[in-house]
Structures are given as structure tokens and as C-alpha cells.
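The following exercises are to be worked with the sequence and the coordinates at hand. Each task is followed by its solution in steps.

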Amino acid sequence: MPATETAAKTKLSRQQYLDLYYFMRLNREVEDTMTRLFRQNKIVGGLYSSLGQEAISVGSAYALEKRDWMAPMIRNIGSLLVKGVPPRDIFTQHMAKYTSPTKGKDGTSHFGDLENLHIVSPISMLGDLIPVLTGVAMAGRYLGQKIVAMTWIGDGGSSTGVFHEGLNLAASQKAAFVLILENNQWAYSTPVRRQVPIENLADRAKAYGIPSYIVDGNDAVAMYSTAKEAVERARAGEGPILIEAKTFRRRGHAQHDPAEYVPAEQREHWEKRDPIMLYEKFLTAEKILDAKGKKGFEDKINALLEKDREFAENSPMPPPEFASEGVYCTGDDCHKIRPKWERPISEVTPPRSSVEPVWLVEGFGRGKTSSRENAPIHFGDTQPASADEPSAKTKSPAKPAAKPPARKSAPAKSAARGKARR
Ligand SMILES: Cc1ncc(C[n+]2csc(CCOP(=O)(O)OP(=O)(O)O)c2C)c(N)n1
Ligand SMILES: [Mg+2]
């Protein structure tokens, strides 16, 4: 059984330390701005807070590279900001404006960006992003991209069936996948000790034979160092890794919930451990941040948020006639659904669908399906089908993926729909 691990704190460059600080402050200010907007009745739907959990979203997303993929949950606005989503998209989306990424069709952070930022949109069903992001990681390997996929889950969400199905899939497929389990002690009004009979949720990893870490989720540098180590291990082919970040949900489940069920002593304990306050102390002691530097960040953030909030407030709501558009796909007059092959079509369809994986992972070589074809997704240490065929481990990695074929240009109608739908 792999034991739970602790990563040593990494020494960051001055710029990296300051980046973490900037994004944590930005995360908090974006959410504070939205709280004010909510009280003015300008937010459509619920508003969730990650107050006190900013180090987790920011520290973990900061460990990802541009090519990597992620799917945030409701308390991960910080990870959206780190990945490059502008605050204005977050404001317009929460206000259901026509200028938002979903053109006002959806709220909260239910939007993604598959093309540029590699963000899969969150979905409400807790845990479902785990198999989805496992699939992203598996696809990345199949396509020869050395990407890592990351998502987040709560203490409550870690008791869903799909959490376990997903993690088992990730483990058995050795997917380059990192799961951040935010143990903020509460799921709605249920304290973690009343819904899980184990002390450390990181122990769930043992059931799947994968490594896990426990980290102080209110310590930005510890969070980043742990996530970075996990991301690099996953990228190196070690398979999925679970990180339990211990923290506390400082507000109610959402704005409607005053959370009076939370014991005052628990709240006080964690308020003294505010991640931004702790990080400021550290940066000041290390002489990385002084009063002038702090003021500089505040001015920069205020100016950005003022501009983006005004843009969102001045944006129109979707026109009424748009309500019926983009809801159901009606076929060709809506858009053509085309697979995005990425590799030559002949290579990924039978009988030639037995292409070599371009990124072979130790102990995870080529396998055979029951029909004795090479499996498109490769299963563990399956023995070669015949004696004359060398095993995967002795074979050299396959050549890089062939260039994808030039795609036929889309008909005018389908090109136009891209604009209409998103
Ligand atoms: C499968 C599923 N069950 C129930 C819900 C309703 N629900 C939404 S958030 C939530 C509590 C989640 O608690 P936790 O996972 O600890 O995350 P936190 O809110 O603390 O960040 C529940 C029960 C849901 N969205 N999906
Ligand atoms: Mg929770």
C-alpha cells in the first residue's frame, strides 16, 4: 500500500512567489466584488465562496503548464484566473449576460474553453469530472501529448460512487491525472466526521493503489509544492495522484446559507489561519513583499476589477428570442457534428486502429483485445499474443504522431453556428 506522503516545500523564484500572491488576492477580490453584486440582486442564481480556500485553487492550478487540462468546481475561481480566464468572463457569467462565455445560457462557473485554455466546464453532479478528466488524460497519452489533467472534489463529493469509479479507472489506466480533494470539513451542513468514518480522506487512495499526499491547504507554498510534485510525477508516467488539502469553508454552502450550524470555536480557529494573511507574513519575513509592493498589487487589482465589473454591469441580458436558440441541436441547420480526429482517420478506424501509443508508459504497454487486435487503449502488462512478438517493455517508443490531415473547411452554416452557440 503506498503511504500518504508530504512534499518538501519548493524554493520559488521571486516572481513565482509574487504570482501566487497576486492570484490569491485577485481570487478574493473577484469574489468580494461578486458578493456585493449579489447583495444588489445582480447575480443570477447562487453564489459560492472560496473564502479561506484560495491557496488551494491558486497553488494547484499554478503547478499546471499551459498545455495541461483542468476542470474547476464551484470553489475554484482562483484556478480559472491562474489558467487565464479574465475576471470579466466570471462577472458576466454570474450575471447571465449576453457577453458571457455561455451568452447568458448558464451561470456560476459553468463554462469552459476547450480550444485555448484547456478548461473543461464544471458540471453540477459531484464527482463526474473525475472520469471525464481521466479520459482527457488518457486521450492526451493516446495523442502523444505529455499533458496532465487536474480536477477538484470536496469532502462530500468524495463519497459519491463516481469518485470511486473514476479513481479506479484512472488508477487502472495509469492516467496522468491529479485530483485535489478539498477537505473543508463541511458538505452543506454535514460535518465530515459524520459522513466519512476515516480520519484522512487521502487514505481513499490506498483502495486504488495510488500515491496520495496530505497538505495544509491554507499554506500557499506547501500547496503549490505538493501539486507541482504530483503533476510532475503524473507527467513522468507514475499514474494518478490524490492530494488531500485540509482547510475550512469559511462561509455557508452558498450565499443563502448563514451556516449557523458551524461551531464558533472552529470558525475562530480557521479565521486565524487565513491563507492570504499567512502568506503575507511569509513574504514580508522573506523580504519579498513590503507595504509599497502590496499597495501596487491592490491598485492593479482594483483597476482591473473596476473595469471588468463595469463592462459586466453595462452588458445586455440576452435578447428574448435567443432563449430558444442553441438549446436543441436540430441537425445541419444548427451545426454538423464532426469528430476531431487529430490523427489520420485511417489510423484510428478499423482495420488500422491498432496504432502504437506514441507515449509508452513503463508497465503500461501494448495489449490485445479479445479479438486479438491491438487495443486502442492499452491494458497493463498484457502478455504479447504470440511468441514472435516482443513485449511492450522491450519495444522502443513509437514514432511521433503523424500530422493530422488537413481538415475540410466547414460549410458556411456550421462556421456561423460557432458564433451563435457560444
Ligand atoms: C451527485 C451529487 N449529489 C448531491 C449534489 C448536491 N450538492 C451540491 S454541493 C453539495 C455539498 C458538497 O460538499 P463538498 O463536496 O464537501 O464540497 P464543498 O461544498 O464543501 O466545497 C451537495 C450535496 C450534487 N450536486 N451532486
Ligand atoms: Mg466540503
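**Exercise 1.** Determine whether Tyr21 is buried or exposed, and describe its ring pairing with Tyr279.

*Solution.*
Step 1. Buried means under 20% relative accessible area, exposed over 50% and partly exposed in between, with a 1.4 Å probe and protein chains only. Tyr21 has 1% relative accessibility and therefore counts as buried; Tyr279, at 2%, counts as buried too.

Step 2. The model is predicted: local features need pLDDT of at least 70, side-chain atom pairs count only at pLDDT 80 or more, and totals for chains, interfaces and linings use all residues. Residues are numbered from 1 along each chain as its sequence is written, chains are lettered from A and ligands numbered from 1 in the order in which they are written, and side-chain values use heavy atoms, with hydrogens and water left out.

Step 3. Rings of Phe, Tyr and Trp (its six-membered ring) pair if their centres lie within 6.5 Å; planes under 30 degrees apart count as stacked, over 60 as edge-to-face and the rest as tilted. A search of the whole structure gives ten aromatic pairs. In one of them, the ring centres of Tyr21 and Tyr279 are 6.4 Å apart and the planes stand at 45°, so this pair is tilted.

Step 4. Helices (H or I, at least four residues) and strands (E, at least two) are DSSP runs numbered from the N terminus. Tyr21 belongs to helix 1 (residues 14–39) and Tyr279 to helix 10 (residues 275–285), so defined, and the pair links parts of the chain 258 residues apart.

Step 5. Tyr21 and Tyr279 also belong to one aromatic cluster with Tyr17, Tyr22, Phe23, Phe282 and Phe297.

**Exercise 2.** Classify the aromatic pair formed by Phe248 and Trp270, and locate its two members.

*Solution.*
Step 1. The centres of Phe248 and Trp270 are 6.1 Å apart with 15° between the planes, and the pair is stacked.

Step 2. Phe248 lies in the loop between strand 8 and helix 9 (264–271), whereas Trp270 lies in helix 9, so the pair ties together parts 22 residues apart in sequence.

Step 3. Phe248 is buried at 1% relative accessibility, and Trp270 is buried with a relative accessible area of 11%.

**Exercise 3.** Trace the strand pairing around Tyr213.

*Solution.*
Step 1. Two strands pair if DSSP finds at least two bridges between them. Strand 1 (residues 4–5) pairs with strand 7 (residues 212–216) in the parallel sense over two bridges, and Glu5 stands opposite Tyr213.

Step 2. Strand 7 also pairs with strand 8 (residues 241–246), in the parallel sense over five bridges. Here the bridge partner of Tyr213 is Ile243.

Step 3. From strand 7 the chain passes through helix 8 (residues 220–238) to strand 8, a right-handed β-α-β crossover (with the strands pointing away from the viewer, the path from the first strand over the helix to the second runs clockwise).

**Exercise 4.** Which residues of the largest nonpolar core touch the most other members?

*Solution.*
Step 1. A nonpolar core is a set of buried Ala, Val, Leu, Ile, Met, Phe, Trp, Tyr and Cys residues joined through side-chain atoms within 4.5 Å.

Step 2. Among the 90 residues of the largest core, these are Val30, Ile90, Phe177, Val178, Ile243 and Tyr279. Helix 1 supplies the largest share of this core, eleven residues.

Step 3. A second, separate core of five residues includes Trp186, Ala259, Val262 and Trp270.
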